[in-house]
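Have the sequence and the 3D view handy as you read.

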Amino acid sequence: MSVIIKGGTVVTAEQTFRADVITEGEKIVAVGPDLQAPSGAEVVDAGGCYVMPGGIDPQTHMQLPFMGTNAIDDFASGPAAAMSGGTTSIIDFVIPGKGERLYDAYKKWMGWAEKATADYSFHVAVTWWDDSVREDMGILANEHGVNSFKHFLAYKGAIMADDEILVQSFERARELGTMVTIHAENGELVAHLQKKMLEEGITGPEGHPASRPPEVEGEATNRAIRIAEMIGVPVYIVHTSSKDAMDAVVAARMRGQVVFSEVLSQHLVVDDSVYRNPDWRTAAHYVMSPPFRPKKHQDALWYALQSGMAQTTATDHCSFLTKQKQMGRHDFTKIPNGTGGLEDRMTILWQHGVNTGRITMNQFVALTSSNAAKIFNIYPKKGCLAPGADADVIVWDPEKTRTISAKTHKQKVDFNIFEGMEVQGVNVATLSRGKVTWKDGDMRAERGAGKYINRPTNGVYVQQARKLHEQRKVIPVKREGDKE
Ligand code: URP
Ligand code: ZN
């Protein structure tokens with residue numbers, strides 16, 4: 001089966017040029033001007049549109065069992081909604097409970113993902129430590145294409161990793177040639193501040209940001225980065241939401257450390273005033289961690305994306321229905337943490353980034369797709385629009401407008417945190433490994449069509465961190481009388 005995308009302007013992370021694109025089976029086979037359509041090829045008209053690599057969301061949580069319930073978007077609904085918005089691959093998370101073998105948890109998540117509508121991969125979380133964890137990290141990295149291990153520095157009493165776990169896990173990650181990723185909030189402080197809020201009678205969603213202030217994120221970001229520096233492993237900070245955290249990332253990059261940071265589309269445009277909404281249900285829908293911040297932090301996030309200090313955008317899509325959020329009606333600490341965004345990430349970044357001049361179209365491609373592929377070592381299979389790459393391609397109409405709403409979105413969740421936002425720049429067609437899965441409002445995603453993405457170990461950034469670390473090696477001094 002062939003597809004020709006005709007008459008568009010190709011935008012990659014490096015270049016912008018007029019070209020047609022031909023796909024054959026699952027791959028891109030030609031990119032160039034005035035290409036001849038292969039016989040029987042499906043034609044996608046891209047006149048007046050930009051043709052770009054499909055987006056990669058490197059942080060999602062489909063059907064995650066979390067805080068006593070399960071995230072509502074699953075591996076069928078979430079990735080299908082994602083493809084309508086231009087995202088063709090997700091990297092989700094396997095999160096084992098304390099004492100659960102990592103490999104068992106991985107198999108469980110792989111089973112859930114059999115219905116995936118788009119391509120997917122998994123970071124695996126290290127939530128506890130013993131020899132079996134060490135062994136399973138090896139099995140996952142060497143035999144199952146897992147090249148990143150996640151650590152939650154928050155969620156005390158549940159999945160939080162303490163410094164001892166971080167040290168053990170980072171050492172093992174370095175040995176295996178993988179990266180480490182971090183949810184950076186000091187869980188001890190969060191638990192302390194939550195208790196204080198409740199004692200003061202603050203039970204509503206406004207207690208959520210007050211118990212997770214930027215300082216809590218800044219401390220944890222710096223700590224994780226410093227531990228990674230000592231051990232010599234590349235570190236990727238997920239959902240960097242504050243200037244405090246970004247300052248730690250910038251400082252590390254300025255001293256030459258291999259550190260990456262990710263920004264959520266939500267944190268770029270939503271601020272902490274949402275938690276004071278008089279309607280409890282609305283306020284509760286914004287409860288996610290790290291929380292939304294005072295507006296000034298948004299500038300720091302944008303500057304980081306503009307300057308290359310932050311490399312990727314994600315959504316951390318972890319959506320809960322209004323009735324699930326009700327679990328915390330009288331205690332904000334029990335509101336399931338998480339928001340949606342998977343479907344809207346790219347249009348939000350275009351509207352507030354490209355349309356405002358904050359980022360170029362080429363930066364848009366880098367920040368929504370190519371950089372994630374490079375960091376997680378799946379480039380140029382993913383995140384690339386060139387012959388030989390997977391035919392994950394989107395057609396973007398820069399003139400088309402849309403009003404974001406839960407009434408029209410494809411996600412299962414019954415609330416949209418961008419409700420009512422007008423955007424100009426909309427995805428009109430999506431190819432997922434050569435199949436048209438979305439075109440002009442017609443959803444053609446198929447249950448089970450998504451494939452698992454193997455991510456090889458020992459990528460360039462792992463090698464870079466290893467070489468830098470070798471320079472710290474201590475050379476012993478030979479002294480007279482030393483034992484041979
Ligand atoms: O609130 C959030 N972010 N929920 C999902 C789990 C996590 O912390 O990433
Ligand atoms: Zn997180």
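In this predicted model, 7 strands build an open sheet with mixed pairing, in the order S3-S2-S7-S18-S19-S20-S21.

- For a parallel example, look at strand S2 (residues 9–11) and strand S7 (residues 50–53), which pair over 2 bridges.
- In that pair, Thr9 faces Tyr50 of S7.

**Helices on the sheet**
- Helix H13 (residues 345–354) packs on the sheet and touches S7, S18 and S19, with its direction at about 135° to that of S19.
- Helix H1 (residues 77–85) lies across strand S18 (393–403), strand S19 (422–432), strand S20 (435–439) and S21.
- H1 runs at about 115° to S19.

**The zinc site**
- Which atoms of His183 and His239 coordinate the zinc ion (ligand 2)? His183 uses ND1 and His239 uses NE2, at 2.1 Å.
- His183 belongs to strand S14 (residues 179–183), while His239 is in the loop between strand S15 (235–237) and helix H8 (243–254), so the pair ties together parts that are 56 residues apart in sequence.
- The zinc ion (ligand 2) has 4 donor atoms, with angles of 57 to 143° among them, and its site is irregular.
- Are the two histidines buried or exposed? Both His183 and His239 are buried.

Notes:
Residues numbered from 1 in each chain as written. Chains lettered and ligands numbered in written order. Predicted model: local features only at pLDDT ≥ 70, side-chain atom pairs only at ≥ 80, totals over all residues. Heavy atoms only, no water. Pairing = 2+ DSSP bridges. Helix = DSSP H or I, 4+ residues; strand = E, 2+ residues; numbered from the N terminus. Contact = heavy atoms within 4.5 Å. Axes fitted to C-alpha atoms, helices over the stretch in contact; angles between N-to-C directions. Donors = N, O, S within 2.8 Å, 3.2 Å for Na, K, Ca; no water. Tetrahedral: all angles 85-135°; square planar, octahedral: opposite > 155°, others 65-115°. Buried < 20%, exposed > 50% of the residue type's maximum accessible area, 1.4 Å probe, protein only.
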